[in-house]
Structure formats: C-alpha cells, structure tokens
Amino acid sequence: MAHDAVTAAQARKADYLFIDTAGRLHTKHNLMQELQKLHRVIGKQLAGAPHEVLLVLDGSTGMNALNQAREFHKAVPLTGLIVTKLDGTSKGGMVVAIQKELGLPIKFIGLGEQPDDLQPFDAKQFAAALFEE
Ligand SMILES: Nc1nc2c(ncn2[C@@H]2O[C@H](COP(=O)(O)OP(=O)(O)OP(=O)(O)O)[C@@H](O)[C@H]2O)c(=O)[nH]1
Ligand SMILES: [Mg+2]
C-alpha cells in the first residue's frame with residue numbers, strides 16, 4: 001500500500017504524502033519488522049524517503065512513553081515525536097526525559113479530540129504549563 005501511495009504521489013507531483021501506520025506495541029516483533037520493511041521499501045523507491053518519521057506517544061502512559069520511544073527509535077530512525085493526551089491528568093514530564101536521552105524534537109502535542117487540539121510544540125509555553133498550579 002505504501003509503495004502504491006509513493007507511486008501515486010509522484011505521478012501527481014504531490015508536495016506531501018502521509019503514511020499512517022496501524023498502532024503497535026514495540027514488543028510485537030513481527031509488527032516491528034513490518035515497520036522496518038515499510039521504511040526500507042519507501043527508501044528504495046524514493047531517495048531520502050521517508051523524510052520524517054514521527055512517533056505518536058500517548059502522554060498518559062507516563063514514563064512508559066520513554067521506553068516506547070527508545071525501542072521504536074532502535075527499529076526505525078525517528079525524526080520527531082508527537083505526544084498526545086496532555087489534556088488529561090498527565091502533565092507530560094516524560095518529554096523532558098525523552099529529549100534528554102534520545103534528543104528527539106517534539107513536533108506537536110495533543111490537547112483534546114478536536115483537530116485544532118493538535119498544536120505545534122512550544123518548549124517555553126510547555127515548561128511554563130508544567131510548573132503552573
Ligand atoms: N483527550 C484526548 N484524546 C485524544 C488525543 N489524541 C487522540 N485522542 C483520542 O484517542 C482515541 C484514539 O486516537 P487515534 O487517533 O485513533 O489513535 P491511533 O494511535 O491512530 O490508534 P490506532 O491507529 O488504532 O493505533 C480517539 O478517540 C481520539 O479522539 C488527545 O490529545 N486528547
Ligand atoms: Mg490510527
């Protein structure tokens with residue numbers, strides 16, 4: 001499917017192609033291999049692709065998110081993270097640990113279920129929110 005999508009995007013001279021995979025746990029070895037294959041196939045078809053590999057983490061899982069990020073980053077080189085569900089009780093302090101260990105930029109954060117709730121990550125604003133009452 002990804003192969004066909006790249007072909008179609010090239011034929012239409014599209015500026016962007018988003019490939020959204022089904023969610024998976026890093027412990028599912030076959031699904032992690034599938035992810036690596038996907039990455040390899042796209043790269044063979046188009047030099048430099050995929051240009052971005054974003055991992056979407058559920059912020060409510062706390063420090064488990066760090067472990068997930070670490071394992072996914074080993075399987076396919078990530079270029080950034082999206083941390084969702086920061087509108088709940090989780091304040092997202094794990095993003096500090098992730099940044100410290102893996103040095104991956106957080107591109108967007110999720111603050112609700114509406115399209116507008118997916119917002120660009122602003123480190124200053126995020127840090128301020130982390131410490132406010
Ligand atoms: N409150 C809240 N809900 C969210 C947020 N992001 C996603 N959700 C909800 O979480 C649920 C799952 O979101 P999906 O976008 O389907 O998650 P997914 O990772 O694509 O799931 P799979 O493709 O099945 O692996 C939906 O009901 C979303 O509305 C968020 O930032 N805050
Ligand atoms: Mg999905």
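Trainee: What covers the buried residues of helix 1?
Mentor: Helix 2 (29-45) is included in what covers them, where contact means heavy atoms within 4.5 Å and helices are DSSP runs (H or I, at least four residues), numbered from the N terminus. This is a predicted model, in which local features need pLDDT of at least 70, side-chain atom pairs count only at pLDDT 80 or more, and totals for chains, interfaces and linings use all residues. Residues are numbered from 1 along each chain, chains are lettered from A and ligands numbered from 1 as written, and side-chain values use heavy atoms, without hydrogens and water.
Trainee: Which residues in helix 1 are buried?
Mentor: In helix 1 (residues 2-11) they are A2, V6 and A9, buried being under 20% relative accessible area and exposed over 50% (1.4 Å probe, protein chains only). They lie on the same side of helix 1 because they cover an arc of only 65° around the axis, taken from the directions from the helix axis to the C-beta atoms.
Trainee: And what is exposed on the other side?
Mentor: D4 and A11 are exposed there.
Trainee: Switching topic, what surrounds ligand 1?
Mentor: G23, T84, K85, D87, G110, L111, G112 and E113 do, each with a heavy atom within 4 Å of it.
Trainee: Which polar side-chain atom lies 2.7 Å from a nitrogen atom of ligand 1?
Mentor: That atom belongs to D87, while an N or O atom in the side chain of E113 is 2.6 Å from an oxygen atom of ligand 1; a polar contact is a pair of N or O atoms within 3.5 Å.

Methods
Polar contact = N/O pair within 3.5 Å; in protein donor to acceptor, adjacent residues only side chain to side chain. Helix = DSSP H or I, 4+ residues; strand = E, 2+ residues; numbered from the N terminus.
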